Amino acid sequence: MIGATLDPAAAYLLSRGMKTLDVRVRRSCENALLLAEALRKHPKVAQVYYPGLEDDPDHILAKRQMKGFGGIVAIDLVGGELEVEKLFNSLRLVRTAPSLGGVETLASYPLYSSHAGFSHEQLKAAGVSAATVRFALGIEAAEDIIDDITGSLAGL
């Protein structure tokens, strides 16, 4: 009644999910690195933010602190907000949703999700602009994720 214990359904789902957490996290990290490497060469991508890339300013620190580099890749698109909308409308496999950590790959727009309500100064300090898109990588086949995103970028 006061939230001190989980209900049986939530406890079951938590127990079931914990059994595959390691596999899901590893796959998400692998997919994120492959996507970051693919997007860093794309002409419609101005910047890729992912600490697993050797030229990322935080790579050495992340390498020292982490076993993997995480399942989140952020990019800045050439062309800004209008191009973000076109990208989101073109994606087929990747879904647009402000969430993290699922088995499916999701794209979100930080200005309207995680960073909504930030001032201009706070956005600048966080490195978020109208061109920023964030991908939370799932466990689908990496080539399917990359094909969906790069194919959608090609249409911009």
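Residues are numbered from 1 along each chain as its sequence is written. Because the model is predicted, local features need pLDDT of at least 70 and side-chain atom pairs count only at pLDDT 80 or more, while totals for chains, interfaces and linings use all residues; side-chain values use heavy atoms, with hydrogens and water left out.

**Helix α1.** Select residues 8-39, which form α1 (helices are DSSP runs of H or I of at least four residues, strands runs of E of at least two, numbered from the N terminus). Within α1, pick Met 18; Met 18 is exposed at 51% relative accessible area (exposed means over 50%, buried under 20%, partly exposed in between, with a 1.4 Å probe and protein chains only).

**α1 against α5.** Now show residues 142-154, helix α5, whose axis is 10 Å from that of α1 at an angle of about 35° (axes are lines fitted to C-alpha atoms, for helices over the stretch in contact, and angles run from 0 to 180 degrees between N-to-C directions). Residues of α1 at the meeting include Arg 27, Leu 34 and Leu 39, and those of α5 include Ile 145, Ile 149 and Leu 153 (contact means heavy atoms within 4.5 Å).

**Salt bridges.** The count is 3 (a side-chain nitrogen of Lys or Arg within 4 Å of a carboxyl oxygen of Asp or Glu).

- Arg 26 and Asp 22: N to O is 2.3 Å. They are separated by about one helical turn because they are 4 residues apart in α1.
- Arg 40 and Asp 55: N to O is 2.8 Å. This pair links distant parts of the chain, 15 residues apart. Asp 55 is exposed at 56%.
- Lys 86 and Glu 83: the closest N and O atoms are 3.1 Å apart. Both lie in helix α3, residues 81-90. Lys 86 is partly exposed at 42%, whereas Glu 83 is buried at 12%.

**His 115.** Finally, select His 115 in the loop between β4 (106-108) and α4 (120-126). Beyond neighbours within four places in sequence, its contacts are Pro 110, Leu 123, Ala 126, Val 128 and Arg 134.
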